[in-house]
There are 2 protein chains.
Amino acid sequence: MDAAEFRRRGREMVDYVADYLESIEQRPVYPDVEPGYLRSLIPTEAPLEPESYEEVMKDVERVIMPGITHWHSPRFFAYFPAASSYPAMLADMLCGALGCIGFSWAASPACTELETVMLDWLGKMLQLPEGFLAGTDGHGGGVIQGTASEATLMSLLAARCKALRHFESINPKKSEAEILSQLVAYTSEHAHCSVERAALIGGVKMKKVPTDQTFAVRGEMLQAMVEKDKEAGLIPFYFCATLGTTSSCAFDHIAELGPICNKENMWMHIDAAYAGSAFICPEFRPLLNGIEFADSFNFNPHKWMLVNFDCSAMWVKKRTDIIGAFKVEPLYLKHENQESGLVTDYRHWQIPLGRRFRSLKMWFVFRMYGLKGLQAHVRKQVALAKEFESLVRADKRFEICAEVIMGLVCFRLKGSNELNQKLLKKLTKSREIHLVPCQLSGRFVLRFAVCARTTESRHIQHAWRHITQLTFELLQEPGH
Amino acid sequence: MDAAEFRRRGREMVDYVADYLESIEQRPVYPDVEPGYLRSLIPTEAPLEPESYEEVMKDVERVIMPGITHWHSPRFFAYFPAASSYPAMLADMLCGALGCIGFSWAASPACTELETVMLDWLGKMLQLPEGFLAGTDGHGGGVIQGTASEATLMSLLAARCKALRHFESINPKKSEAEILSQLVAYTSEHAHCSVERAALIGGVKMKKVPTDQTFAVRGEMLQAMVEKDKEAGLIPFYFCATLGTTSSCAFDHIAELGPICNKENMWMHIDAAYAGSAFICPEFRPLLNGIEFADSFNFNPHKWMLVNFDCSAMWVKKRTDIIGAFKVEPLYLKHENQESGLVTDYRHWQIPLGRRFRSLKMWFVFRMYGLKGLQAHVRKQVALAKEFESLVRADKRFEICAEVIMGLVCFRLKGSNELNQKLLKKLTKSREIHLVPCQLSGRFVLRFAVCARTTESRHIQHAWRHITQLTFELLQEPGH
């Protein structure tokens, strides 16, 4: 395909994309396929000779679309939102064309520098303490990671490295393996599964801190565990706090937890993957109070800030902590400006070496929405969640299972877990709306997350009518 | 921005992209900016109110383009190629619009299933042993990782987990920490820096195996190190072979190394990040002989197979090895079809949780180029490298520093490292072509990699004229 054909096909694709998103509501939100459905629909080998573009696009409708879960349908209420906006998609087209791999400053200076400034812009929107920003006298700075999982892992690895160096220096007789076996990390019992996984990868113990009745970690609970572990000869070195847990959007009390971590010389990482976007609104910003005690902080603009996946924003208070942990420097990646002190080589900040020009998406979205537009998006989705909450509360057969603070409503039918499992099964099978469950204090709970950018009040009302209709049918069945 | 405006702006962006790529030769390949250049060109904060699209696009030329290293310029000969093609860009637009996050089968079945089949297609193109393919009776399968660094890390972590379990079971009294401290991994002294980094992350020792005069690892060298380490009480558990090293595109002798790894119960991972694409050509396939001994294999279609970044293809012989290493299973990610045995949940195969629908890019590229088109691309670039090699060989002032097997030519001026450093400095400053150096046996060497899809013979000839012109100037300077 040459540039001339790309101009034609590109226009067609733009229209296909716009058509898809404009008519997405007409598609069942969840696909009706069985595992293995796709293999039989296409050849077993790649073609020897080129095929035409028309043939490929015909197969998009025939092969791909039947197996798509439509995350941007206003009838999608599962997991958490995956951000999507037209400005971000346009920026991604540009990113693909530039196709620069930004592992070092020299590999494409604009790619590195726009990222640093965009993370400063975003940090200011969140009112992060100055020390986290790059364009200040502090020692911090921001980076775009692919996912929150990678941010958590990077923070844990940096903390591990820092702890190892510290304890090796004060106790030179101890082997690294011995210290490693004594290190212990902590996180909420409601933390995302990727936190536990980071500890597995890092080869360190991780303990789950129990939560209060709001599913949040309080200072005293962490303090008690730390005391006990120190007495047993362990070395507490890391705590990952969650602001907005995946199960119920609970908020650990970082203003209580931070001083404990600082006193105990433990790294505090804050994972606000979903909820972080809301902190650009003054009314939600107090939930971030205590950030000043943190060593690193992360949230996903690709969840709730209209920047298409992948774009996970991470800040560290001391860039040397994260850079120093794995600096490996071969000649083919050296460049002239490296030693100037002004230069950021982001490959030292992340697991992969290569990286796309993802800050373009942020730049386009921040400018074309403006801070007010982004705030409006958050507020609208919170209001829709509150609307859904009121509908649930007005129906005595149901109960709300966790305080509704942002765009997530945890609810269930009063009654057994089995009953709620049956309701969810019916919902999934109907393909009219899509939800996933969670577990809260041993109870099977339904999560209703306001996801798509285009979700409106009518979709909330429709979803609730559908849920109550299936509930009515369920309760008619023999045995209920 | 609504769908109607996106239709208009999308068309404009398609034209901008086509214009950019059609006229890329007219831009200096390497930017003329100093570190920190960008910050002063844009505001210090995000705007409060939305700005217009025109304003943003105006700034792309004013702010971004001056700081771009143009990886797709036919005058770019640095690092290794970053793949780019129009079909891949079209597929990426579709991927952005679908915006599904494919962490599990249920999160979008098409996303998972197309990936599995595409990795089978690709595996067949490479004539991988059947056991690596998913659609067979074997236990293997493929996955798209973001980068080769992540593939290496995943393989090392899987090997670590396997070794720990094995040695804990045969020696229950030994602690995990003790075993971990005895584990030792190996790789070539010319392996990519990300291999060393994987060991740092995994918390295991890694030793560099010396290479022969072709910069390749031979069986006897590994065997000798393994023997010595076993005598010292260490546990060899992992070897990462390289096919096509970054420095000089050398090929470790996997047919010798594989049997040693198998006999010693060591995991053999093969990193063929750049060279792997060439194995679709029968004349290069013999370099992959010995793959049957490997536990995992990886290469980057996003380097040399016209699939835009990121797309790193990885296969494992036993899927349970990699999945079992970090399986963490919360309720909100469970789904009905999980236990059927037919389903792949790719989140267990990788570091991040979320993932884009990257197999669409492969599907579009494989079909629109056909196997023959992809082979032609590889062959053309190898021929261009050979053309450059002949030019160098015909000039007695220069020497070739490593056998030219694929699209990379390592060369230097006969004389001191300092002389060659000066030549590279002149080349970089001229911004006419872009190269990076490497180190071979203590010598400073220039790497000339054929990169852009649009590189033709005239660009090779031009590059060589430019190099000899600057060489002439350099040798005129006092002191030479």
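**Entry 1. A pair within one helix.** I began with A:K422 and A:E418, which are about one helical turn apart because they lie four residues from each other in helix α13 (residues 417–430) of chain A. Helices here are DSSP runs of H or I with at least four residues, strands are runs of E with at least two, and both are numbered from the N terminus. The side chains of A:K422 and A:E418 meet in a salt bridge, at 3.8 Å from N to O. I use that term for a side-chain nitrogen of Lys or Arg within 4 Å of a carboxyl oxygen of Asp or Glu. A:K422 is partly exposed, at a relative accessible area of 33%. My scale is that buried means under 20% relative accessible area, exposed over 50%, and partly exposed in between, with a 1.4 Å probe and protein chains only.

**Entry 2. Conventions.** I note that the model is predicted, that local features need pLDDT of at least 70 and side-chain atom pairs pLDDT 80 or more, while totals for chains, interfaces and linings use all residues. Residues are numbered from 1 along each chain as its sequence is written, chains are lettered from A and ligands numbered from 1 in the order in which they are written, and side-chain values use heavy atoms, without hydrogens and water.

Entry 3. I next looked at helix α1 (residues 3–22) of chain B, where B:R9 and B:E5 lie four residues apart, about one turn of the helix. An α-helix has 3.6 residues a turn, so residues three or four places apart point the same way. The side chains of B:R9 and B:E5 form a salt bridge of 3.1 Å, N to O. B:R9 is buried at 5% relative accessibility, whereas B:E5 is partly exposed at 22%.

**Entry 4. Salt bridges between the chains.** I followed A:E51, which forms a salt bridge with B:R367, their closest N and O atoms being 2.9 Å apart. A:E51 lies in the loop between α1 (3–22) and α2 (53–64) of chain A and B:R367 in helix α12 (residues 359–393) of chain B, so the pair joins two chains. B:R367 counts as buried, at 5% relative accessibility. I also found A:R367 in a salt bridge with B:D59, with closest N and O atoms 2.8 Å apart. A network of salt bridges links A:R7, A:R11, B:D15, B:D19 and B:E22.

**Entry 5. Extent of the interface.** I counted 143 residues from chain B and 143 residues from chain A in the contact, taking contact as heavy atoms within 4.5 Å. The two chains bury about 12800 Å² between them, 68% of it on carbon and sulfur atoms. Buried area is the accessible area (1.4 Å probe) that two parts lose on being put together, summed over both.

**Entry 6. Helix α3 of chain A and what follows.** Helix α3 (residues 86–98) of chain A has 13 residues and reaches 19 Å from its first C-alpha to its last, close to the 18 Å expected; the expected span is 1.5 Å times one less than the number of residues. I found 13 of its 13 residues buried. Just after α3(A), A:G99 takes a positive phi of about 50°. A:F103 is in the loop between α3 and α4 (109–125) of chain A, and A:F103 is buried at 6% relative accessibility. The C-alpha atoms of A:F103 and A:T344 are separated by 9.6 Å, although the two are 241 residues apart along the chain.

**Entry 7. Cysteines.** A:C95 is buried at 6% relative accessibility. The sulfur of A:C438 is 4.4 Å from its closest cysteine sulfur, in A:C410, again too far. A:C438 is buried at 0%.

**Entry 8. Strand β9 of chain B.** Six of the six residues of β9 (residues 408–413) of chain B are buried, so the strand is largely enclosed by the rest of the structure. B:L408, B:C410 and B:R412 are on one side, and B:V409, B:F411 and B:L413 on the other. Three bridges join β9(B) to the antiparallel strand β8 (residues 398–400) of chain B; strands pair if DSSP finds at least two bridges between them. B:E399 stands opposite B:R412. Four bridges join β9(B) to β11 (residues 443–449) of chain B, also antiparallel, and B:L408 stands opposite B:A449 there.

Terms used:
Disulfide = S-S within 2.5 Å.
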